[in-house]
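Here are some notes to read with the structure open beside you, taken point by point. Please look up each residue in the viewer as you come to its name.

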Amino acid sequence: MPLAESLKGTWDHIQGFLFPLLHEEVGPLTETHRRLVIVLEVARPETFVGEWRCGVGRPRDDRRAIARAFVAKVVFGLSTTSGLIERLAVDRTLRRLCGWERLSQVPSEATFSRAFAEFARSGLPTRVHEALIKNTHADRLVGHISRDATAIEAREKPLQEAKPAATVKRGRGRPKKGFESGRPKVTRRLERQGAMSLAQMLADLPTRCTTGAKLNAKGHMTSWIGYKLHMDVADGDIPISCLLTSASLHDSQAAIPLATLTATRASSLYDLMDSAYDAPEIWAHSLALGHVPLIAKHPRNTAGKAAMVMEGAARRRANYRLAEDVRRAGRSTAERVNSALKDTYGGRHVRVRGHAKVACHLMFGVLALTVEQILRLMV
């Protein structure tokens, strides 16, 4: 079914049937309650949580209701699990939307923590997001995929990177015939990725908490401790795929596995990237996928930078813009999604530690953001 028809049917069901039914069952719904209902109805995270059948001992708390509660935590902008539990205690409507009829059924904070650890190990929000993208973009051709990375600050101790081993110093000049130089050639990650599968490329990316640094939009160097979220965003500000790596990893190192992951979920025409991705391997991989890479040129030296500045000034005087530059201006979709994730969907409130848990926390926000952006295409 085309995306427009699918979204229209879902929206008509929510507006014409679900909202009136919930109004009778749980009472009046606020605007935030309505947002939560829409996200839960479209994403249905409980369908990805397995049922627990135990024979002996105390029955386990319902993980499906806890999964819905973590989605509610993102939609309501709650930064901590304790704040979520307090909101569930006073908000009867929210409690029933998550799946608990009585206050006594709401689990303790320790149970929420154990359930979150299970969701992190199984990658629950990532699997829900992947299924949502495949269902909504199976028959859709995406015009532009904007690729970018953003800093994610974490509250944990960064990994101290080991110092490189000392190399044997050799004399000046060319080595004698029959003697090795003593400097083995180091294969770059971008070169290795050309012969790797997607699983191998993902396993090769560092995921430990480290210290990262980059130039901000004003040209100042900033640093942070934590991770880096790499994201591919389609037209309409819809996140297609995400990867969480160490903060010290350069943006270009995750471009090829991210593009490969995106290609398994959606078909697209153009890849929009900034100058950090200007590498021959990335150009070649984009062309091999059947895409048109639009990557800003990187000035390799001072002379190259001066030439680019002069060329840009000449084009402005002539009031001339290349078609590639016009399309590349659409890369701001990735920046808008990064800002929305941090400002509205919990990207600035990372209170967990470890790569798996941080990725799980962020993907709950990405999931809610994706649902709302998809439905904005129809509303």
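Predicted model: local features only at pLDDT ≥ 70, side-chain atom pairs only at ≥ 80, totals over all residues.

1. The axes of helix α14, residues 332-343, and helix α15, residues 355-376, come within 10 Å and cross at roughly 115 degrees, and the crossing of α14 and α15 is right-handed. On the α14 side the contact is made by Val337, Ala340 and Leu341, which meet Leu362, Gly365, Val366 and Leu369 of α15. Sorted by kind, the residues of this contact between α14 and α15 are six nonpolar, one polar and no charged.

2. For the overall picture, the secondary structure of the protein comes to 15 helices and six strands. Of the 379 residues in the protein, 44% are buried, and the protein exposes about 20700 Å², of which carbon and sulfur atoms supply 53%. If you take the contacts between residues at least 6 apart in sequence, 68% of them join residues at least 24 apart.

3. Which residues touch the most other members of the largest nonpolar core? They are Leu36, Trp100, Phe112, Phe119 and Phe364, in a core that counts 73 residues. The largest share of this core, 13 residues, comes from α15, the helix that also crosses α14. Trp100 deserves a careful look: leaving aside its neighbours within four places in sequence, Trp100 is in contact with Ala65, Ile66, Ala69, Leu88, Arg95, Gln105, Val106, Pro107 and Phe112.

4. Is helix α10 enclosed or open? Eight of the nine residues of α10, residues 255-263, are buried, so this helix is largely enclosed by the rest of the structure.

5. Not counting residues up to four places away in sequence, Trp283 touches Asp278, Pro293, Ile295 and Lys297. Trp283 and Asp271 are 12 residues apart in sequence, and their C-alpha atoms are 9.6 Å apart in space.

6. Two residues other than glycine have a positive phi and are worth checking in the viewer. For Arg44, phi is near 50 degrees; Arg44 is found in the loop between α2 (31-43) and α3 (63-75), and at 36% relative accessibility Arg44 counts as partly exposed. For Asp237, phi is near 60 degrees, and Asp237 lies in the loop between β3 (221-234) and β4 (238-246). Because its relative accessibility is 14%, under the 20% limit, Asp237 counts as buried.

7. The last point concerns pairs of residues that are separated along the chain, for which I give both the sequence and the space separation. Leu78 has its place in the loop between α3 and α4 (81-90); Leu78 and His349 are 271 residues apart in sequence and 8.8 Å apart in space, taken C-alpha to C-alpha. Not counting residues up to four places away in sequence, Leu78 touches Lys73, Gly83, Leu84 and Arg87. The other pair is Asn135 and Arg265, which are 130 residues apart in sequence while their C-alpha atoms are 9.1 Å apart in space. Asn135 lies in helix α7, residues 124-137, and Asn135 is exposed, with a relative accessible area of 61%.

How values were computed. Residues numbered from 1 in each chain as written. Heavy atoms only, no water. Axes fitted to C-alpha atoms, helices over the stretch in contact; angles between N-to-C directions. Helix = DSSP H or I, 4+ residues; strand = E, 2+ residues; numbered from the N terminus. Left-handed = near helix turned anticlockwise from the far one by under 90°. Contact = heavy atoms within 4.5 Å. Nonpolar A, V, L, I, M, F, W, Y, C, P; charged D, E, K, R; others polar. Core = buried A, V, L, I, M, F, W, Y, C linked by side-chain atoms within 4.5 Å. Buried < 20%, exposed > 50% of the residue type's maximum accessible area, 1.4 Å probe, protein only. Areas by Shrake-Rupley, 256 points an atom, 1.4 Å probe, with all protein chains shown as cover.
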